[in-house]
Amino acid sequence: FRMLFLLILCIGGSSCNKNEDSGHPLRLWYNQPAVEWTEALPVGNGRLGAMVFGKTGIEQIQLNEESLWAGSKLDNNNPGALSHLHEIRQLLLDGNIPKALDLSNKYLLGTPPRIRSYQTLGDLFINFDSRSTKVEDYRRELDLRTGIALTRFKQNGEKYTEEVFVSAPDNIVVIQLRSERGSINASLSLRRERDAIVESGENTLVMKGQIIDQDSPESGPGGAHMRFAAKMTAKATGGTITAQGDSLVVRNASALLLLLTAATDYNRELLNYDRTIDPLLLCEEILGKAEVRSYSNLMNDHVADHQALFDRIDFSICNVTQDTIPTDIRLRQVIDGKDDPHLVELYFQYGRYLLMGSSRAPGVLPANLQGIWNNHLEAPWNSDYHTNINLQMNYWLADVCNLPETMDPLIRFFEKMMVPGRVTASQMYGCKGWTMHHNTDPFGRSGLMDGIQWGTFPMAGPWMALHFWEHFSYTNDTAYLREQAWPILKGSARFVLDFLSEDKKGQLVTSPSYSPENAYFMPGTTNPMQLTYAAAMDIQIARELFMVCCSASEILGEEPPFRDSIRTAMNKLPPTRIGRNGTIMEWIEDYEEAEPGHRHISQLFGLHPGTQITPETPELYKAAASTIERRLAHGGGHTGWSRAWIINFYARLLDSEKANDHLLMLLRKSTLPNLFDSHPPFQIDGNFGGTAGIAEMLMQSHAGYIQILPALPSTWKNGHVKGLRARGNFEVDIYWTDGKLKKVVVKAFDNQYCKIKYQSKIIEIAVEKGKSYSFGPRLEI
Ligand code: FUC
């Protein structure tokens, strides 16, 4: 009877769905405070980021504001580019690469060649002067389900706790300390190595600053650049707070609530700082609204807001979790060869968590190389926006992992990038439309930078434009397509149409070009060269862009001429070809690679993220597998993001075991104690690419149908994933047992047809908006 009762309950209510949620704890936790920054725990709201160390003597919370960048807006297009373009192209066609390189160095490389860095805001230190004695029962954790970092321990028998979160609705960092017996005694200070002063007021600390850049031949003119401010208010329960010098001193409090916010005078509309903005005033406005609210109100709103996004996906591949073991020890055990599927669940959800924390409103800038978390004044690669794989990878998970909101900063930023991008297209290449090269900053730098061997990538603009189509393909939102995506896509296709020129065979090629960031040998030479024309990746990007622009213009009912010119050009692009060693050719000739194990595997763009190399092109598909094998045999996949890309490649090759092997290698070789991806050093793209790879193993939707469990590893025997988004505007829940599909539920958000594939079976049904459709193990309804 009890069973029957439960069953009725299940069928009757939505609680059944809830009960099917894994409910697995999703926590990173540790038995000791962080010593290194890469052990600290990240919290963020898309605009503000914090890294919590959980120290018991002097607590450290490192802070970021997304727009705090050194540098300034300037035009780095080389004015000599256009007048030398024809000659450079001719030299490349004639194989006179050294001379082409010489001219490119003079006339394509922009000035200044480098951008400046994204910078740390500084640190909040909480110096507990009474805490020199031993602590007991120490634990710190980050709960991905709430977005709260918690530290707790006992000292002299008394319990202390610290909770830290960054609220999106209130736009602040919230820190709450509690002690059981009213013995919080601490001094609070805000510190920044340079360019800032800190003053204390009654219950407040204020930091005011302006980045002073030095003149540099590499990075351009110095000067007083971005202005910024941070403000913190402190509220004590049962104790006192007094200002002392530039610190606040807290005595005998039982609770302490710290609210902190920060701002700069960056204006996204201008892609520049804007002296009409007063950063301190912005901080005061934000704090004024937040400080009248209670801790529990702030926390409840934060958790509700966080869960509205985070809870959309439930993912389970195990019955027993390892949550009783600290995360650093679990990682060590996995490195030593232990199986820990729950860590894979955690890693997957952590990627989603990190994207939520670094790319959404109230933030306005995309997630950079470190998301939003950076403790340097001069970060590795400036923590910038590399657009020859890294920024793209950051967003591979956004739509499929049901976080469309995280696309907003990327979309809005690139709408603005078109402005400098048009100048680059016309000044450097004499083209209509817009483009950019392999790197940018919040000031929208779009000329060729860093060096010819890194920067010769005018096809970065078209690659970024493809993300706009992707986002549309998940939502079917034609208003978005018309108003936001189409101007970017069409502007990019216009650029490509003009940029293409004829080679000696009459094919349309990109020139100048390179294959990020690999080099090749001309036959009979030993000097590695990068510069070329029509690298495979360029051509595959052009083809992909042309294909989606044809679709978009048809959907929007555009007049045919533009579409026709795209089709004509598309037919004249060189095909993707297979070289003498059975791999996809990376360059227009079958050159030998200078680095056969290179981290970029650009010639496989057509396999992933592109859609040109599929089981329907069996020879290319096979050659794609050989391409990866060759890279791996020569030490490829050694950076975190490169490994993550390989997971995605193997998922597209439907090779579940290899996808899983590389996922494990990502954990084993490229993951830091706080589960940040390691390039090395820390670079967040591997986290995002790893999460996207797991999604790709569970479901794919790029080929015109929803493919269920395309690359399910044999070790993920039983499980489910609920809430993935599929192209075509669907939400998909998949359940499996013993490695076989048990049930798939597809929720349709539009009236249309839906094609679903599992193993070799494919079905198509008409679906109605708002309805869910459940299919059994053989896709029977
Ligand atoms: C690309 C990669 C590097 C690094 C840099 C930030 O250029 O080739 O490995 O990730 O971006």
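These are my notebook entries on a predicted model.

**Entry 1. Largest pocket**

I began with the largest pocket, which holds about 820 Å³ of space. I listed its lining and got 39 residues. Nearest the centre of the pocket lie Glu-470, Ser-473, Ser-701, His-702 and Arg-727.

I then sorted the lining by class and found 19 nonpolar, 12 polar and 8 charged residues.

Which element gives the most to this lining? I found that α12 does, with 7 residues. The elements that each supply at least two lining residues are α12 (460-475), α14 (536-555), α17 (640-652), α19 (685-698) and the strand β31 (752-758).

**Entry 2. Helix α13**

I looked at α13, which covers residues 478-499. Asp-477 caps the N-terminal end of this helix. I noted a side-chain oxygen of Asp-477 at 3.2 Å from the backbone nitrogen of Ala-479.

Where in α13 does the kink lie? I placed the kink at Ala-485, shortly before the proline Pro-487, and its angle is about 55°.

Is Ser-670 buried or exposed? I recorded a relative accessible area of 2%, so Ser-670 is buried. Setting aside residues up to four places away in sequence, I found that Ser-670 touches His-638, Thr-639, Gly-640, Met-665, Phe-676, Asp-677 and Ser-678.

For Pro-680 I checked the peptide bond that joins it to His-679. That bond is cis, with omega about -5°.

The peptide bond from His-608 to Pro-609 is cis, and I noted an omega near 5°. I made a note of both bonds since most peptide bonds are trans.

**Entry 3. Positive phi**

Most residues other than glycine have a negative phi, so I wrote down the exceptions I came across.

Asn-171 is not a glycine, yet its phi is positive, at about 65°. I located Asn-171 in the loop between β8 (158-167) and β9 (172-179). Its relative accessibility is 15%, which counts as buried because the cut-off is under 20%.

Ser-383 also has a positive phi, near 50°. I located Ser-383 in the loop between α8 (341-358) and β20 (385-386). Ser-383 is buried, and I recorded a relative accessible area of 0%.

**Entry 4. Gln-530**

Gln-530 sits in the loop between β24 (520-521) and α14. I recorded a relative accessible area of 17%, so Gln-530 is buried.

Which backbone oxygen does the side chain of Gln-530 reach? I found that of Glu-517, at 3.4 Å. Glu-517 is also among the contacts of Gln-530 beyond four places in sequence, along with Gln-453, Ser-513, Tyr-514, Asn-518, Ala-519 and Tyr-520.

I also took the spacing to Asn-96, which is 434 residues from Gln-530 along the chain. The C-alpha atoms of the two are separated by 12 Å.

**Entry 5. Asp-450**

I looked up Asp-450 in the loop between β21 (439-440) and α11 (452-455). Asp-450 is buried, with a relative accessible area of 17%.

Its side chain and that of Arg-114 are joined by a polar contact of 3.3 Å. Leaving out neighbours within four places in sequence, I listed Leu-109, Pro-113, Arg-114, His-438 and Asn-439 as the contacts of Asp-450.

**Entry 6. Leu-74**

I ended with Leu-74, in the loop between β4 (58-65) and α3 (81-94).

Why is Leu-74 called partly exposed? I recorded a relative accessible area of 21% for Leu-74, and buried would need a value under 20%.

Apart from neighbours within four places in sequence, Leu-74 is in contact with Pro-112, Pro-221 and Arg-445. I also took the C-alpha distance from Leu-74 to Met-522, which is 37 Å for a separation of 448 residues in sequence.

Definitions and conventions. Residues are numbered from 1 along each chain as its sequence is written. This is a predicted model: local features need pLDDT of at least 70, side-chain atom pairs count only at pLDDT 80 or more; totals for chains, interfaces and linings use all residues. Side-chain values use heavy atoms; hydrogens and water are left out. The bend at a residue is the angle between axes fitted to the seven residues ending there and the seven starting there. Helices (H or I, at least four residues) and strands (E, at least two) are DSSP runs, numbered from the N terminus. A polar contact is a pair of N or O atoms within 3.5 Å; within protein, one must be able to donate a hydrogen and the other to accept it, and residues adjacent in sequence count only if both atoms are side-chain atoms. On a 1 Å grid over the protein atoms alone, a cavity is a set of points where a 1.4 Å probe fits but cannot get out, and a pocket is an open set with protein on both sides within 12 Å along at least five of seven lines; lining residues have an atom within 4 Å of a point. Grid points are joined across faces, edges and corners, and a volume is the space filled by probe spheres set on the points. Ala, Val, Leu, Ile, Met, Phe, Trp, Tyr, Cys and Pro count as nonpolar, Asp, Glu, Lys and Arg as charged, and the others, Gly among them, as polar. Buried means under 20% relative accessible area, exposed over 50%, partly exposed in between (1.4 Å probe, protein chains only). Contact means heavy atoms within 4.5 Å.
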